[in-house]
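The following note sets out numbered points on the model shown below. Kindly read each point beside the structure.

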Amino acid sequence: MTTLPVGLDLAQIPFWGLPQDERMETFRKLRALDHPMFVTEQVVPFIGGGPGYYALVRHADVTEASRNAAVFSSEPCSNSIPDMPRWLSVYFGSMINMDDPRHARLRRIVSRAFTPRILSKMEEDLARAATEIVDQAIEEGPGDFVEQVAARLPVRVICDMMGIPAKYHDMVLRRTNVILGNADPEYTGLDPDFSRVNVARGLVKLLHAGFSLNRLAARLGDERRKRPTGDLVSLLVNGEERLTSQELGSFFILLVVAGSETTRNAIAYGLKLFTDHPEQRELLLADFDGRVVKACDEIVRYATPVIQFRRTLTQDHEMNGTAYKKGDKVLLFYNSANRDESVFTDPDAFDITRDPNPHVGFGGPGPHYCLGAHLARREMTVMFRELFTRLPGIRSVGEPDFLLSNFINGVKHLRYTF
């Protein structure tokens, strides 16, 4: 078993506060090793820990493990390195923490939210939302691009899909920040020392955020069972196959957290990347409709908003020369797979004409591939079209303020001007 040398400890939160270039250089070194590195887990008060996990950093390993869900299981949890206790999983233990047949049942039900008919009906709503967001940004004047633009569109889109009234949108955004920023002092007050007092304070905020969003969706589901309106929630809670109140609440948290954060960060990274690489922006604007889909995928590859998910071995298994034991944990590091030199030519370059681009920014192939990938591309397309058409001088200013997280490659703040 190969273990991490000093200075490359992915388990320590301070590592994730290092500059992005330094972290990516670490993953380049890990990809060059003969076998996946074994990382000893950090024990978290009130949560616990485990013996550790193997860091899967190569594209081939991440894609193979993603396809083989029977061996690389999402149970007991995929969105937490330590096993999630029941009092947390009740809010955050959605279908991403399930295998078939439970996962297949829930995915079949919630896929109603992403049918071509539903998405086509959203086109006008997306365009109107982008226009109104840019209207408001122009009225306010340039400041924080994340707060004024990037964060507003996906939360509004998802809340509108679910029928969440506009008066709750800001609350949903604040609770989402707490859930995904659970290691970041700005959102939870949690310091990286993981003292019991700090962790307790952060967990209280996390539980409150989960409870609030779960309850909001559950109440709406109760209303739609009594008085269906034909909206998405009505589809999810009525019919032969339906979500329970608890399942609806957990799905809403998954949808708003995964959907809003992925798109929000991709839009923010997009502005930064097009500012730093003006030649790529010129390429895009020269043929927007012809190049925007590839541009969106390249932004997602380069930025990789979701850093990793966990899998647990259901049996002894050998993969790419490494023998794993039943019960071993592995982490699928999508950020590293998306820079794999054996798959991507000049992987550290931002190139919107990259073809092919087999990135895993929406998860690897298999049953857990992101249901909302097409919607995310549509949101990015609509927003960049609106921004570059109406604000041709828009650009980021300075460096982003990044989220402190080993799960989300997030941008908290980004100054911009137009």
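1. The chain contains 17 helices and 11 strands; helices (H or I, at least four residues) and strands (E, at least two) are DSSP runs, numbered from the N terminus. The chain is as compact as a globular protein of 418 residues, because its radius of gyration of 21 Å is close to the 22 Å of the globule rule. That radius is taken over C-alpha atoms, and the rule is 2.2 Å times the number of residues to the power 0.38. The C-alpha trace spans about 55 × 55 × 40 Å along its principal axes.

2. On the basis of the model: it is a predicted one, in which local features need pLDDT of at least 70, side-chain atom pairs count only at pLDDT 80 or more, and totals for chains, interfaces and linings use all residues. Residues are numbered from 1 along each chain as its sequence is written, and side-chain values use heavy atoms, with hydrogens and water left out.

3. Of the 418 residues, 56% count as buried (under 20% relative accessible area; exposed is over 50% and partly exposed in between, with a 1.4 Å probe and protein chains only). The accessible surface of the chain comes to about 17,600 Å², and carbon and sulfur atoms hold 53% of that area; the areas come from the Shrake-Rupley method with a 1.4 Å probe, and for residues only the protein chains shown count as cover.

4. Among contacts with a separation of 6 or more, 72% are between residues 24 or more positions apart; a contact means heavy atoms within 4.5 Å.

5. The chain carries 50 positive and 54 negative side chains, and the centres of the two sets lie 6 Å apart. Lys and Arg count as positive and Asp and Glu as negative, while His and the chain ends are not counted. Each charge is placed at NZ of Lys, CZ of Arg, CG of Asp or CD of Glu.

6. The count of aromatic pairs is 19; rings of Phe, Tyr and Trp (its six-membered ring) pair if their centres lie within 6.5 Å, and planes under 30 degrees apart count as stacked, over 60 as edge-to-face and the rest as tilted. Phe 27 and Phe 333 form a tilted pair, because their ring centres are 5.2 Å apart and their planes stand at 50 degrees. This pair links distant parts of the chain, with Phe 27 in helix H1 (residues 20-31) and Phe 333 in strand E7 (residues 329-333), 306 residues apart. Both Phe 27 and Phe 333 are buried.

7. The pair of Phe 309 and Tyr 334 is edge-to-face, because the planes are at 70 degrees, with the ring centres 6.4 Å apart. Phe 309 belongs to strand E4 (residues 308-313) and Tyr 334 to helix H16 (residues 334-337), 25 residues apart. Phe 309 and Tyr 334 are both buried. One aromatic cluster is formed by Phe 274, Tyr 302, Phe 350, Phe 384 and Phe 388.

8. Is Arg 301 buried or exposed? Arg 301 is buried, with a relative accessible area of 0%, and is found in helix H15 (residues 288-303). Leaving out residues up to four places away in sequence, Arg 301 touches several residues, including Arg 339, Phe 344 and Pro 347. Arg 339, in the loop between H16 and H17, is buried at 8% relative accessibility.

9. His 374, in helix H17 (residues 373-390), counts as partly exposed at 44% relative accessibility.
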